[in-house]
Each structure stands twice: as C-alpha cells, then as structure tokens.
Amino acid sequence: MKYERIEKAVFLERPNRFIAYAELNSKRETIHVKNTGRCAELLIPGAVIYVQRNDSPARKTGWDLIAVEKGKRLINMDSQIPNRVVQEWLESGHLFGDRPYVKPETTYKNSRFDFYVEAEGRRNFIEVKGVTLEENGVVRFPDAPSERAVKHMSELSSAVKEGYGAWVIFVVQMKGVRYFTPNVDTHPAFGNALREARKAGVKILAYDCKVAADSIELDEAVPVVLGSPVLKEAVDPIISWYRENKRDLPWRHDVSAYHVWISEIMLQQTRVEAVKPYYERFLKELPTVEDLAEVQEDRLLKLWEGLGYYNRVKNMQKAAQQIMMDYHGEFPHTYEEIRSLKGIGNYTAGAVSSFVYGLAKAAVDGNVLRVVSRLTASRDDIMKAGVRTRIEAEVEEVIPPDAASDFNQGLIELGAIVCLSGGEPKCGECPVSYLCRARLLGVEKELPVRTKPKARKIENRTVLILKDGSTLAIKKRPPKGLLAGLYELPNLEGHLNKKEVIEYCHSIGLFPLHIKKVKDAKHIFSHVEWHMIGYEIKVDELEKNCSREMIFASRSEIKEKYPIPSAFEAYRERL
C-alpha cells in the first residue's frame, strides 16, 4: 500500500479523539486523527509524525495523520489501512492460495465482519484488528475497552460451529516486535473472549508490517501469546540457565527415544539419585526396544525390583511390543503416535517428543506445575485436570521451535533444584525471580495450591518369614490387583500374635520349631498403607509338609530370580 502527498511534521497536542495540532512547515496545522484509540504513548509533544495532505474541499481539516516515530521505530497509525493491506495480502495468494474470492464487509448474524472469503471449496470469515500499542517489543490490543471486539469473537465462534472457517488477523503496524498478546490490563474480557474463540476453532494470527513514511505492507508472522506473557518472558533466561546449570544425568549422555522413555517412566514417583543405578542396569540387560518386548515377565520385574509401581514396567513391555508390531521396531516420531503407546500419557509423550525430536510439545510434570503456578501467581488447584490442561497449553504456546528440549528440561530442572516444593524455594538462585509474580506478592511458599488427597486406607498385615535351613517360602501374587504377578513373603490380614501365628502354621501343615518377632514396618502405596508386623519362623521340612501353594527357594535364587517388591524391604535382611 502506497501513500501520496506525505509530509513530515511535529506533534503538538491532541484536544480530542478526532483532531491533533502539529507544526508543519513552520505553521500550526489541524490534523485529522483517523485512529480514535488513546495512543497516549505515541502522541506525545515533540514526536515526529507523518501526515497526508487531503485535497477534498469538503473536509474541514486538510491533513490526515498517517505515522509516528517512537524512538527508532516507525508506527503506522492509520486505522483504515489494516483492512486494505490484508486484502492486498489475501489477493496476492497468501493464506488461501491463488485467486480466492474476497468480499469486504459482510454481515453474519449480529456482526459485520471485515472479509468473507471463498477458497478451496470452503467459506471463511476474517476479522482484522490494527495494533499500535507497543512496550518493550510486546504489542497488545486493544488500547481501550472494546465491546465490539468481544462480540466479534463470540460471533466467529458461532460461525465455526456452522461450518465456516474463522480467522482473526492482528495487523501489527510496525516492525521489530517480539510477540502479540491481548491487553488484559485494559480489557480482560477481550483476552478471555480470544482464548475461548481459539478453543472453538477460530484461527488467531498476527503479522508485522514493513512501514515507511509513505507505505505499509504486511510482512512476517508474529508469535501470539494468549496464555501467559510472564511465561513467554521466562523462556530465554530459563534456557540460558539450564545450559549452564543442568545436572550430569546418564540419560542426557546418549539421547534417544528409547533412553528418554525408560528414564522418564523410572523417574515417576522415584528420586533421580535412586533411579541412576536402575537405569544403567536395565539398559545393560535390555539395550533395545526389541529386547524389552521379548524379555520374560519375571526377569523384567526382577530388573524393576525396588522401583515400585510395577504396572509401569508392564505397560512399558506392552508398548515395546506395540512398537515392534506397528512401527517395525522403530520408536515413533510424532507426539500423537507416542501418546498412543500403552502407559504413555501427555507428560511422557511431550518429554520424548521435545527432548529427542525437538517438537514444540509441552512436558508438564509436578515440577513444571509448581514453577508455572509461582511464576504466574496462580491459585488454581493443580490437582484438577482442567488446570493441568491449561498449563500444558500455556507452556506449549511459548516453546521456542529451535530450543524445545532445553526449555522443557529447563522448566523441569528449575523445579527440581531451585523452585523447590515445601521448605524454602531458592529464589536467590532463580534466573526468573525478577518475573515471578508469587515472589512479588510474597506468596511463593503458599503456591502451588494442591488439594489434599483422600486419606489412604490402612491395612494391618502380618508377614511370615518361613525358613527351613537355607530354604525360604515365597508365593506369587494374583495376576491382577495390587503388586500383580510379583513374588511376596507369605502374609496375613490383621496383626496376629504368636499363638495365632502358630495356629496358622499348624493349619497349613507346618510345625514351628522356633518363632521370633521381628521389627514392624510400614509401606505406602498410592491409596493404601500397609502397617506390618513380622515373625521369623523356623520349621521342620518346609517343602514336604506345606499344604499351601508356595515356592521354596534358596536365598541366592530369590536374589537372582524372583522379584520381591519394596513393600517387603524391611524384611529383606532376614531372607
């Protein structure tokens, strides 16, 4: 778009929304201001402006305000120009391909949209918004409350439901900006409406412009941040901090989808230091997806022994078998395919996608929920699925395409070693403490909000260590339910005294020679707590006389062959 008859002037004042006074050719002139927004940060006394001479005799003012200099940036202020540059852009083949049918100003229900476009057999509505409000490279809209803009978002969402394509294009009337975000300070309702429109399927785009005193042209896409500008600002410092401070962890040495997957499943509910030896042992014996798919279940569970939550490794084997069958042994490369594997949720799929393949997918675990909640001072309950989904979307929106792995791992690392749960977060070591709204408000120790889980069910159990010389009794648990398919020390419901234990032994054909009470123990599962007492019982001819189905094995056999869950860790020294 080219202008003619452009002159340079100096802004003096603006007595109302429609006119301004400027010094032009050493004379005070009245200038028509097309942009009726506040523009207070642009139109300041002494600012260099560019005006267009209007030769129409019907006009009271002979000049129109076109552009203004703000520092080194030239900003076009012509509120009538965004629609024109978008129409030029569409008709030149952008967005919808060659030769779309473009009709300006089309009524739909109670709204009048800027464009109706037919292309590739689909009907579309487009609403255009000009953006002139800029601060530190961040551009926002609107600069004043706009109920009309909110209404447009609702009507576009309705159009999507009826089969139309719907688009909002924010025309940033300048160059050199970092990202666009709705101005929730001025009009939070518009920000909410824009987010809801995107959920409904409305496409939200922003483009900057090449701006000269006498021309303007739509140019490059600008990132759109509808979720959290604070999180967007945190991206670069978190990446830089991570690259300087990341821990030396074995799964970061030889990065592959298989290695990351194994480590992430192991790290669920388990500390990093505890996982290291398990990770190395597991990969030494099962170095490939094929090895995992084919290993016998007892051996697999033995390799996992001590990590707990055994369904994790059972699901891993099922997923490995899926990979062998559906992907010919090659770990899938897309988020959706990875997410479809057995036992893989949003977090693990995001971790593999971003750490290994550099995909801009979120990996939100408890560490990330805590960091984001504090950064944004959110009091939403992170135990609610909807809150996790929202935070995943906010993170994904700001992931830099060229550093997805470092940003995601940086958020996790920050939560693991700096933005700690409980106790004191190490705000003095945090690279984004200056952005943290929780710290600014003094509420960092109160966040995140987390609903207390329901009280666990308490189960009392009596553990029996049945011995006959070097032989001990163990039994396999049922194939379904708690600790399914694992091996355990025989145990009974309730807390039994010595007399009751002896009576039980007699009932299964065993005759105790010596019985000794051993220490009490407790083990916590997700929803159940076992409170255990134990007895070491020496019997005569264990294997010959026992009427219950048990396995009689030596200590070395148990150690090498049978996976005993960590619930019985307190009694392992007696084996």
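1. Leucine 12 is partly exposed, at a relative accessible area of 28%. The model is predicted. This residue sits in strand S1, which spans residues 6-13.

2. Contacts of leucine 12 reach beyond its sequence neighbours. Leaving out residues up to four places away in sequence, leucine 12 touches Tyr21, Ala22, Glu23, Arg28 and Pro45. Its C-alpha atom is separated by 7.9 Å from that of alanine 47, a residue 35 places away along the chain.

3. Next, a helix pair. Helix H4 (residues 229-245) packs with helix H14 (residues 404-417) at an angle of about 75°, and the axes are 8 Å apart. Angles of 65 to 115 degrees count as roughly perpendicular, so H4 and H14 are roughly perpendicular to each other.

4. Which residues make this contact? From H4 come Val235, Ile238, Ile239, Trp241, Tyr242, Arg243 and Asn245. H14 supplies Asp406, Phe407, Gln409, Gly410, Leu411, Glu413, Leu414 and Ile417. By class, the contact of H4 with H14 has 9 nonpolar, 3 polar and 3 charged residues.

5. Now the second largest pocket. About 1000 Å³ of space lies in it. Its lining counts 33 residues. Nearest the pocket centre are Arg195, Leu226, Gly227, Ser228 and Pro229.

6. Several elements contribute to that lining. Strand S11 (138-141), strand S13 (179-182), helix H3 (188-200), H4 and helix H13 (385-398) each give at least two residues. H13 provides the largest share, 7 residues.

7. The class make-up of the pocket lining is 15 charged, 9 polar and 9 nonpolar residues.

How values were computed. Residues are numbered from 1 along each chain as its sequence is written. This is a predicted model: local features need pLDDT of at least 70, side-chain atom pairs count only at pLDDT 80 or more; totals for chains, interfaces and linings use all residues. Side-chain values use heavy atoms; hydrogens and water are left out. Axes are lines fitted to C-alpha atoms, for helices over the stretch in contact, and angles run from 0 to 180 degrees between N-to-C directions. Helices (H or I, at least four residues) and strands (E, at least two) are DSSP runs, numbered from the N terminus. Angles under 35 degrees count as roughly parallel, over 145 as roughly antiparallel, 65 to 115 as roughly perpendicular and the rest as oblique. Contact means heavy atoms within 4.5 Å. Ala, Val, Leu, Ile, Met, Phe, Trp, Tyr, Cys and Pro count as nonpolar, Asp, Glu, Lys and Arg as charged, and the others, Gly among them, as polar. On a 1 Å grid over the protein atoms alone, a cavity is a set of points where a 1.4 Å probe fits but cannot get out, and a pocket is an open set with protein on both sides within 12 Å along at least five of seven lines; lining residues have an atom within 4 Å of a point. Grid points are joined across faces, edges and corners, and a volume is the space filled by probe spheres set on the points. Buried means under 20% relative accessible area, exposed over 50%, partly exposed in between (1.4 Å probe, protein chains only).
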